[in-house]
Amino acid sequence: MRIPTHTTLILSLLAFSLYPTSLYARSVVLVISQEDLKDAPDDNPADPTHHDSAEWDEFGDSDSHKSEEELDPGSWRPIFEPDSSSAEPASEPDAQYYSGVSKMVRAASSGEEGLMEEGAAEIESAAASGHPHARSVLGFLYGTGQMREKNKGKAFLYHYFAATEGGNMQSKMSLAYTYYKQDMYEKAVKLYSELAEVAVNSFLISKDSPVIEPVRIHNGAEENKEALRKSRGEEDEDFQILEYQAQKGNAGAMYRIGLFYYFGLRGLRRDHSKALAWFLKAVEKGEPRAMELLGEIYARGAGVERNYTKALEWLTLASKQHLFSAYNGMGYLYVKGYGVEKKNYTKAKEYFEKAAENDEAGGHYNLGVMYFKGIGVKRDVKLACQYFLYAANAGQPKAFYQLAKMFHTGVGLKKDLTMATALYKLVAERGPWSSLSRWALESYLKGDVGKALFLYSRMADLGYEVAQSNAAWILDKYGEHSLCMGEAGFCTDAERHQRARFLWWQASEQGNEHAALLIGDAYYYGRGTERDYERAADAYMHAKAQSNAQAMFNLGYMYEHGQGLPFDLHLAKRYYDQSLVADRNGKLPVTLALMSLWIRKNYADSFLVHFIDSLPEAYPKVEEWVENVLLEEGNATILTLFVCLITVLYLRERQRRQAVAAAGDIPAPHQPEDHLAPAPN
């Protein structure tokens, strides 16, 4: 258990390895009670098929023809993924904008203060001419205090005008997050609903696209080596083995490589041309999963000319191979009348039902849409809600969007802006602007932590918790080598620590239990700030509210010693016990802590209590000895002797007290109370 250097755990360091705190967001499971359901009027006319397929466009198809650059105007993609077919900047402000961003990115990588200031000046010049995307970046610089004095008011104004007058999606994300933090749900929900709709428009029509979460580059105190290893793209040994198998004719390997390129998984850049080539090879070997993706590719025109007839052919072939998710794409084409003679809602419903009967979340979602809008069926909002709920709990992001819409409008569910905002936010964070995460990770894997920090900081400004914790971790881990840019050049130590604490606290507010723990440690030890036990206790309480075992243990220690909290041995024991309930891996340190508590309760002011309390002063030497002598050399003999020494000291002290008591000089010590007895081994 990695905890502050508390005296009761010195011995545990000899035999107990550190265990990682859970950092990952818990699974979202929606439970809607009968009270949440709301009767909706049945506004269907006699003809249940009266709805035109334009109704379907409300559910994520109206902009499906647009590229990611169109969905995310002002994107930095031309800088990180340049395309020879990309058009030249249309105006001088456009040219200044991309030049300024390019210079800042290079400066973040090289640490050239002059280049960073030059880039920021170009951004400011473009913003002064009304360029919306330059205003967005300037809002980011003022908000984080990079080459400009930190000013939340200016940051808000630049983001506001970039979003409202220029349609910059990333500024909309930043504004929505600002409103969300301040519980201004009426404003936050409006922005997040727009962003979520754009995100939904980039999702697939048949197979559920994998949710590509930003990679967490750390697992608490240490680098997350396993996750990083799986994100090295073509340099990853596992990918190279897979590629070798594909080249030797393995159909499954061909499909997986095509999948990686199509979605940009495992650290690979998305490449529709390579994906198409691998899928075609896999199909030649009879791989049905590739057939479905080929149907998707032709329906979307991803890397090829859009052809709905071919899309239907490939999806039909996949469905005949019992790939039930393909029925979703087929049903969609019949709803829209694409690649078929005419629209056929009955046939579409049959296909969606086949998918749903085989536990395909997309089938449940699509049936939910039909019943919610009354497309080809009698409108039934309650049934639609049940379909959406099933699909959402199976991980279908489109279903989260629909439930958010129902909570937002009060149609089918009781109006709840808090719930609507949270669900919209989940979907919005899957939008095209999440590409920032991929570029940041690529930079980090190449050892370019300055560029990674800059990109994660941009994402943090948009409200991504993972980016907030990643940026904070880089600041703490790499210190001055993080190439952190402050208000007037490189960050001072104070600026760096302050920015890290701010980012950790933002991450903590969004459910990262480890973040509050680190803030508590910073105040407990005075790292980058003055030591403040009361603030440390507040931070640990925040982490404890998120069921963090380590925070509970630390609170127990602070109650035991009266540090920042009232001296209270009963509460100390309660928190130690809660720590063990929360994580059974902490049995040894908790047992030792309870032993210390028992000694303190029954042998106050004894030699053992003074010895235990003196251990923090000796901790650095003990830690070094443990690492250099025990852990490296594995000297079990020394470990045994050390434990024996402590045992002998304890027994001698106990014998001395009993001898004195027998002589009548002092009363015999009280027997230990049951509730403070040490936990069994």
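A nonpolar core is here a set of buried Ala, Val, Leu, Ile, Met, Phe, Trp, Tyr and Cys residues joined through side-chain atoms within 4.5 Å. Buried means under 20% relative accessible area, exposed over 50% and partly exposed in between, with a 1.4 Å probe and protein chains only. The model is predicted, so local features need pLDDT of at least 70 and side-chain atom pairs count only at pLDDT 80 or more, while totals for chains, interfaces and linings use all residues. Residues are numbered from 1 along each chain as its sequence is written, and side-chain values use heavy atoms, with hydrogens and water left out.

**View 1. The largest nonpolar core and F279.** The largest nonpolar core has 182 residues, of which W76, Y192, F279, L403, Y456, I474 and Y576 touch the most other members. Helix 10 (residues 185–201) supplies the largest share of this core, ten residues. Helices (H or I, at least four residues) and strands (E, at least two) are DSSP runs, numbered from the N terminus. Contact means heavy atoms within 4.5 Å. Leaving aside residues up to four places away in sequence, F279 touches Y255, G258, L259, Y262, A290, L293, L294 and I297.

**View 2. Helix 20 and its ends.** The expected span of a helix is 1.5 Å times one less than its number of residues. Helix 20 (residues 381–393) has 13 residues and should span 18 Å at 1.5 Å a residue, which agrees with the 18 Å between its end C-alpha atoms. Its buried residues are V381, A384, C385, Y387, F388, L389, A391 and A392. Their cover includes helix 19 (361–373) and helix 21 (397–409). A polar contact is a pair of N or O atoms within 3.5 Å; within protein, one must be able to donate a hydrogen and the other to accept it, and residues adjacent in sequence count only if both atoms are side-chain atoms. At the N-terminal end, D380 caps helix 20, with a side-chain oxygen 3.3 Å from the backbone nitrogen of K382. G395, which follows helix 20, has a positive phi near 95°.

**View 3. The ring pair Y365 and F388.** Rings of Phe, Tyr and Trp (its six-membered ring) pair if their centres lie within 6.5 Å; planes under 30 degrees apart count as stacked, over 60 as edge-to-face and the rest as tilted. A search of the whole structure gives 28 aromatic pairs. In one of them, Y365 and F388, the ring centres are 5.8 Å apart and the planes lie at 45°, so the pair is tilted. This pair links distant parts of the chain, with Y365 in helix 19 and F388 in helix 20, 23 residues apart. Y365 is buried at a relative accessible area of 3%, and F388 is buried at 0%.

**View 4. M406 in helix 21.** M406 belongs to helix 21 and is buried, with a relative accessible area of 1%. Beyond residues up to four places away in sequence, M406 touches F372, V381, C385, F388, V411, G412 and L413. M406 and F372 are 34 residues apart along the chain, and their C-alpha atoms are separated by 9.9 Å. A charge sits over a ring if NZ of Lys or CZ of Arg is within 6 Å of the ring centre and within 35 degrees of the ring normal. The charged end of R379 sits over the ring of F372, 5.6 Å from its centre.

**View 5. Helix 29 and its surroundings.** Helix 29 (residues 549–561) is largely enclosed by the rest of the structure, because twelve of its 13 residues are buried. The buried residues pack against helix 27 (513–525), helix 28 (533–544), helix 30 (569–582) and helix 31 (587–602). From first to last C-alpha, helix 29 reaches 19 Å, close to the 18 Å expected at 1.5 Å a residue. At its start, a side-chain oxygen of N548 comes to within 3.0 Å of the backbone nitrogen of Q550. Just after helix 29, the phi of G562 is positive, about 65°.

View 6. T144 lies in helix 7 (residues 132–144) and counts as buried at 17% relative accessibility. A polar atom of the T144 side chain lies 2.8 Å from the backbone oxygen of F140. The side chains of T144 and Q146 are joined by a polar contact of 3.0 Å. Residues up to four places away in sequence aside, T144 touches K150 and R499. The charged end of K150 sits over the ring of F502, 4.5 Å from its centre.
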